[in-house]
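This report describes selected features of one protein model. The sequence and the structure are shown first.

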Amino acid sequence: MIKKIIVSLSLLFSLATLAQEGTSSPYSFYGIGDIKFKGTVENRSMGGLSVFPDSIHINLQNPAQLASLKLTNFSIGGTYVNTHSRSEVQTEKARRTSMDYLAVGIPVGKVGVGFGLIPFSSVGYKLQTIPTDANPLYTKYTGLGGVNKVFFGLGYKLTKKFNIGLDIQYNFGKIETTNLRYENGIQYGTRENNLSDLQGFNFDLGLTYQSKLNQKLSFFSSLTYTPESTLKLGNTRNIEIIQFLSSGGTNVIQTEDIAVSDTTIKMPSKIALGSGVGEVKKWLVGGEVTLINYNSSSNRFADIAGATFENAMRYSVGGYYIPNYNSYSNYFSKITYRAGLRYEKTGLVLQSKSINDAAATFGLGLPLSGTFSNINIGVEVGKRGTKYYNLVEENYVNISVGLSFSDRWFVKRKFD
């Protein structure tokens, strides 16, 4: 039954990943879009922390944590996003549902192996200006697509205290953008259609440390480093002369293909350092700092007036609490209660103003009776940007659900 569920979910996830529009944010206009992946539901519920080792949940942020797995794990997660966007003159609401990850982790002695698929970034915006007497020009910008990652990782238990890890990721995806312009009083308008096929490799390096402070308390620390990498873009473009119909649609009068060069995007290097303390299977609390170096990279498709990038910084604090992990009579005592805070300087600068993102997170790990599997639910309530300086403030509520199936696989039967 479990295998049938896994196969069904895998097929569903693959189809949804290719078709989904995971964001409605105007900030996805820049670069490769919104960076959607911030860890599994378990990690996101603790502010995005990746410092804690886990024997039954796969960690997709630090490959060294794969060596902590004791059971084979299959994980899948998705998020429902409810966003209320507002400027000084307008408000809008949007809802999106997207798949976040599909991953398998397998312990093999001192080695942990992980592989899967992650929708990494998402583009999904519709921006327009309405003609007025002072400005008769109508413009509309739309974008759709994003970047996905297929990854393969290895974690190795170097000693009882140290784990090391490496994962290799193949990035691929398509981003489609359309720019439409017409002027009142003129019969035809123009529409520029751009398509970029993205592909490239990158890798992550991980290191973790774990030590006993006394009989109950343990100390944890982790380090993750992602070197700078390059995405190759195969670009195509065409220009259309269009006519607006009374029904609201458009009629294409003429199309001309435009030769454009293929380009590259440098993806920034990243380093994350975290530490925590607590009693395993009871409570843990920790913090993590992540630095993304945009100064040496170019995370844009083209030069955009008023938009620049600066070094990004993310601060996360959080933890979990389990009343009684081994309780047989009280189900609520076995639930994992998670919470955290996250503050992020995203690196995007518009109108000379840094775009920041802050959120409070909390969640539950609901064990499935008689197994090591569980359902994880996380809620993220936050705000990004500002409504001043001709910008947009986004107030959002994200509800994430993850399924984590853990069991012993590949066990040789003693009896047939």
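The text below covers confidence, strand pairing, salt bridges and several individual residues.

## Basis and confidence

The model is predicted: local features need pLDDT of at least 70, side-chain atom pairs count only at pLDDT 80 or more, and totals for chains, interfaces and linings use all residues. Residues are numbered from 1 along each chain as its sequence is written, and side-chain values use heavy atoms, with hydrogens and water left out.

The pLDDT (the predictor's confidence in each residue, from 0 to 100) averages 88 over the protein, and 90% of the residues score at least 70. Helices and strands are DSSP runs, numbered from the N terminus (helices H or I, at least four residues; strands E, at least two). Confidence is lowest in helix α1 (residues 2-19), with a mean of 46, and highest in strand β8 (residues 218-226), at 97. Residues 1-19 have a pLDDT below 50, and beyond near neighbours in sequence this stretch has 21 contacts in the model; a contact means heavy atoms within 4.5 Å. The pLDDT is also below 50 over residues 299-303, a stretch with 19 contacts beyond near neighbours in sequence.

Two strands are taken to pair if DSSP finds at least two bridges between them. Strand β5 runs antiparallel to strand β6 (residues 162-183), and 21 bridges join them. Within this pairing, Gly153 stands opposite Asp167 in β6.

The hairpin of β6 and β7 has five residues between the strands, and in it Gly185 takes a positive phi near 95 degrees.

Tyr141 lies in strand β5 (residues 137-157). Tyr141 counts as partly exposed because its relative accessibility is 28%. Neighbours within four places in sequence aside, Tyr141 is in contact with Phe29, Tyr125, Lys126, Leu127, Thr178, Asn179 and Arg181. Tyr125 is 16 residues from Tyr141 along the chain, and their C-alpha atoms are separated by 7.6 Å.

## Salt bridges

Side chains of opposite charge can pair when their charged atoms come close. A salt bridge is defined as a side-chain nitrogen of Lys or Arg within 4 Å of a carboxyl oxygen of Asp or Glu. The structure holds 13 salt bridges, including those in the table.

| Glu240 | Arg191 | 2.8 Å |

Lys345 is partly exposed, with a relative accessible area of 32%.

Because Glu380 lies in strand β18 (residues 374-385) and Arg342 in strand β16, the pair ties together parts that are 38 residues apart in sequence. Glu380 and Arg342 are buried. Salt bridges that share partners join Arg44, Asp100, Arg314, Arg342, Glu344, Asp357 and Glu380 into one network.

## Thr346 in strand β16

Thr346 lies in strand β16 (residues 336-350). Is Thr346 buried or exposed? Thr346 is buried, because its relative accessible area is 18%. Polar contacts are pairs of N or O atoms within 3.5 Å; within protein, one must be able to donate a hydrogen and the other to accept it, and residues adjacent in sequence count only if both atoms are side-chain atoms. A polar atom of the Thr346 side chain lies 2.6 Å from the backbone oxygen of Ile355, and the backbone nitrogen of Leu348 lies 3.4 Å from a polar atom of that side chain. Apart from neighbours within four places in sequence, Thr346 is in contact with Tyr294, Ala312, Ile355, Asn356 and Asp357.

## Positive phi in loops

Lys281 has a phi near 65 degrees, a positive value in a residue other than glycine. Lys281 lies in the loop between β12 (269-279) and β13 (283-293) and is partly exposed at 45% relative accessibility. Asn390, not a glycine, has a positive phi of about 60 degrees. Asn390 is placed in the loop between β18 and β19 (393-407) and is exposed, with a relative accessible area of 72%.

Conventions
Buried < 20%, exposed > 50% of the residue type's maximum accessible area, 1.4 Å probe, protein only.
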